[in-house]
Amino acid sequence: MAVALVSGGVAYTVEERERDARDRPVATQTPTQTATPSRTATAVAARRVEVDTILLRRAQAVQTGNEALFLTDVDPANKKLIAAQKVLFANLVEIGFQEIGYSQAEERFNAAVMKAHGRTTYLVRVLMRYQIPQVDVAPVTTELGYTFINRAGRWVLTDDDDLDTDLGPGAHQEAWDLGRIEVLRGPRVLVAVEKGDTKRGRAIVTEATEGLAEVSSYWPRKWRGSVFVIALDESEVRDARFADEDIESAASAGSTFSSLPGADTADGTVAGAYIVINPNERDRVDEILLSHEITHVATADLGGYEPLWLAEGAAEYVSWRGIEAISGPGEVGKWEQEVIDDAMPTLSALPTDAGFYQNSADVYGVSWLAVRYLVQRIGLDHVEELYEDLAMHGTDQASRDRILLSRSGLTEATLWTSLQSYRPQR
Ligand SMILES: [Zn+2]
């Protein structure tokens, strides 16, 4: 028998549903039931199909701009959730996804959630797979946790945050999850701000466009993507947590994943990155800050295995080239000398990945100096090739050493000693 439910690319055969059902704990099963699925297994399989249908309906609602359809399966008794879902829906439509879909991952058991919502509670990890035009070169995945209950024979969504603390970093904290947003657009730029914060949004589009031009000018990799900048009045957006930082940063670039960490591989597959602005720094967003972050975005899809001194050094390199273009070589030379005189003596080696962002020494300055030195030694194009190789293959220290040595003639140790005696050409 090959009965298949096919709906918008989601296909479950009866066999697959039964396999899913068997994976789940079954309350009681008498020996006479072994030949046919138990009533519980059948109910679990039916629930899976019904919830799939709900998820499909929600995705269709976003694609067709149909709010009523989006709210059809939301628990009518939960007014707070309905209000929040209206905001979510408006945000999702505003983003303008090229592709959006939800699928059930595994069921999660939580006694407190079960107690709160009753015996029909179905708490499930949900994967949201989507693609923002131009921004995401391929579909990417983010996680959610949905709580469904059965009301009079019908499954409804009754909560959307019961699983949040058990999900990966940044889950359910995407730009569209946090209150009503407004999206501003430039040719290769998308900016999300609080609804009504239009003026700031436009200003950030302008700065990001200039930052993008700098990255194109000063970093040889030909990257054609678009930049997504999120500047909300929130200290926790995606995996950016500005509130509990020791050393406050103005912005961060956080990865997007075509395959989440732990799904196919431990590290996942990085597809790109979005920029999140510290809410306290939203008034000071300029092309210098953004050219640094956009350098991260324009190199994110390479793999992300490059050492942090190279990632941050390259981003600083691009951003300082931009400053040099505006104010001439004087300021850059002065800053370079300060790093040599003041920052270098506070370190005894190249900054390591571990503790990089907690380091009170000027690790950004030293990383920048290392990249400046490498550019002088092997040329910018070769530094960019070195970056690509390390980002793709620098999965452990031995690989990093081998790549760095073969492409620059240096190890991290000899690069450090070279930096100690480095006197820049003026
Ligand atoms: Zn950075």
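Trainee: What makes the contact between the side chains of Arg154 and Asp73 a salt bridge?

Mentor: Their N to O separation is 3.9 Å. A salt bridge needs a side-chain nitrogen of Lys or Arg within 4 Å of a carboxyl oxygen of Asp or Glu. The pair therefore qualifies. By this rule the count comes to 20 salt bridges.

Trainee: What should I know about the model itself?

Mentor: It is a predicted model, where local features need pLDDT of at least 70, side-chain atom pairs count only at pLDDT 80 or more, and totals for chains, interfaces and linings use all residues. Residues are numbered from 1 along each chain as its sequence is written, and side-chain values use heavy atoms, with hydrogens and water left out.

Trainee: Why do you say that Arg154 and Asp73 tie together separate parts?

Mentor: Arg154 lies in strand 6 (residues 154-159) and Asp73 in the loop between helix 3 (67-71) and helix 4 (79-95), so the parts they tie together are 81 residues apart in sequence. Helices (H or I, at least four residues) and strands (E, at least two) are DSSP runs, numbered from the N terminus.

Trainee: Is Asp73 buried or exposed?

Mentor: Buried, at 3% relative accessibility. Buried means under 20% relative accessible area, exposed over 50%, partly exposed in between (1.4 Å probe, protein chains only). Arg154 has 37%, so Arg154 is partly exposed.

Trainee: Which residue forms a salt bridge with Arg151?

Mentor: Asp75, with the closest N and O atoms 2.8 Å apart. This pair links distant parts of the chain: Arg151 sits in strand 5 (residues 140-151), Asp75 in the loop between helix 3 and helix 4, 76 residues apart. Arg151 counts as partly exposed at 37% relative accessibility. Asp75, at 2%, counts as buried.

Trainee: How do you know that Arg125 and Glu143 form a salt bridge?

Mentor: Their side chains meet at 2.8 Å, N to O. Arg125 is in strand 4 (residues 122-131) and Glu143 in strand 5, 18 residues apart. Both Arg125 and Glu143 are buried. A network of salt bridges links Glu106, Arg108, Arg125 and Glu143.

Trainee: Why is strand 5 called mostly covered?

Mentor: Because 10 of its 12 residues are buried.

Trainee: How do you know that strand 4 and strand 5 pair?

Mentor: Two strands pair if DSSP finds at least two bridges between them. Strand 4 and strand 5 have nine, in the antiparallel sense, so they meet the rule. Leu123 has Thr147 in strand 5 as its bridge partner.

Trainee: What makes His292, His296 and Glu312 donors of the zinc ion?

Mentor: Donors are N, O and S atoms within 2.8 Å of the metal (3.2 Å for Na, K and Ca); water is not among the atoms, so sites may look incomplete. His292 (NE2), His296 (NE2) and Glu312 (OE) lie 2.0 to 2.1 Å from the zinc ion. They therefore count as donors. Their spacing in sequence is H-x3-H-x15-E.

Trainee: Where do His296 and Glu312 lie?

Mentor: His296 is in helix 7 (residues 287-300) and Glu312 in helix 8 (residues 308-327), so the pair ties together parts that are 16 residues apart in sequence. At 14% relative accessibility, His296 counts as buried. Glu312 is buried too, with a relative accessible area of 4%.
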